[in-house]
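Colleague: Before we discuss any details, could you put the model on the screen for both of us?

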Amino acid sequence: KEGPLDEETARTLVHGYCAGVSYMDAQVGRVLDEVDRLGLRENTLIVFVADHGWQLGDHGMWCKHCLFETSLHCPLILSGPGIASGARVSGLTEYLDVYPTLCEAAGLAVPAHVQGRSLRSLIQNPGGRGSDAVFSRIDRGDSIKTATHRYSEWRGESGEVTSRMLYDHQKDPGENTNIAETPEATALVADLSSRLARHLAKV
């Protein structure tokens, strides 16, 4: 609770986290082997998702409740008929997109109230654009990620913005320099803040 972790404790925590990931990877392999053994691969869509990741000392934190890319970037892996093996999608996606994707794959109508959009176009064209922006929330913090930036706002109890973070992922993928208060970012902050507010008004 006080001060940075010593190196030995940090190594132990990272080791345990990596061991958990390795164990889960082995279990996924067992499931895929069974799908193949049963001859179900040609009519089965497999979706692998996971909880968001931990800060393993990144930005001096050992937690997952924050709005940094290291915590918010999650695995989303699909396997099934018509999906190219090993293809990597660079377009923005959200877990909200899983449900309409499954509906389309199963030939079911997507209910009108469902948020998100089917990933079929990205499955067919992995180099496609994806969503214009994706959104995240933790406690009183909200974040918008575009193809080039992540912008986040933290709010007080009465709803006022108490702090902002803006990171240029093209120049600063590790999110080490918050440029939200720099003069050259004023217009971009206003635009992303407005887009975030419009999104929040809908949810």
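Colleague: Which element gives the largest share of the largest nonpolar core?

Modeller: The largest nonpolar core has nine residues, namely Ala-133, Ile-144, Tyr-151, Leu-166, Ala-180, Ala-185, Val-189, Leu-192 and Leu-196, where such a core is a set of buried Ala, Val, Leu, Ile, Met, Phe, Trp, Tyr and Cys residues joined through side-chain atoms within 4.5 Å, and buried means under 20% relative accessible area with a 1.4 Å probe and protein chains only. This is a predicted model, in which local features need pLDDT of at least 70 and side-chain atom pairs count only at pLDDT 80 or more, while totals for chains, interfaces and linings use all residues. Residues are numbered from 1 along each chain as its sequence is written, and side-chain values use heavy atoms, with hydrogens and water left out. Helices (H or I, at least four residues) and strands (E, at least two) are DSSP runs numbered from the N terminus, and the largest share of this core, three residues, comes from H5.

Colleague: Which cysteine sulfur is nearest to that of Cys-66?

Modeller: Cys-66 counts as buried at 5% relative accessibility. A disulfide is taken as a pair of cysteine sulfur atoms within 2.5 Å, and by this rule the count comes to zero. Cys-66 is accordingly in no disulfide, and the nearest cysteine sulfur, 4.7 Å away, is that of Cys-63.

Colleague: Is Glu-175 buried or exposed?

Modeller: Glu-175 lies in the loop between strand E6 (161-168) and helix H5 (186-202). Its relative accessible area is 2%, and because the cut-off for this class is under 20%, Glu-175 is buried.

Colleague: Which backbone nitrogen does the side chain of Glu-175 reach?

Modeller: Leaving aside neighbours within four places in sequence, Glu-175 is in contact (heavy atoms within 4.5 Å) with residues including His-59, Arg-150 and Tyr-167. At 2.8 Å, its side chain reaches the backbone nitrogen of Glu-69.

Colleague: With which side chain does the side chain of Glu-69 make a polar contact?

Modeller: Glu-69 is placed in helix H2 (residues 69-72) and counts as buried at 13% relative accessibility. A polar contact is a pair of N or O atoms within 3.5 Å; within protein, one must be able to donate a hydrogen and the other to accept it, and residues adjacent in sequence count only if both atoms are side-chain atoms. For the side chain of Glu-69, the partner at 3.4 Å is the side chain of Lys-145.

Methods:
Buried means under 20% relative accessible area, exposed over 50%, partly exposed in between (1.4 Å probe, protein chains only).
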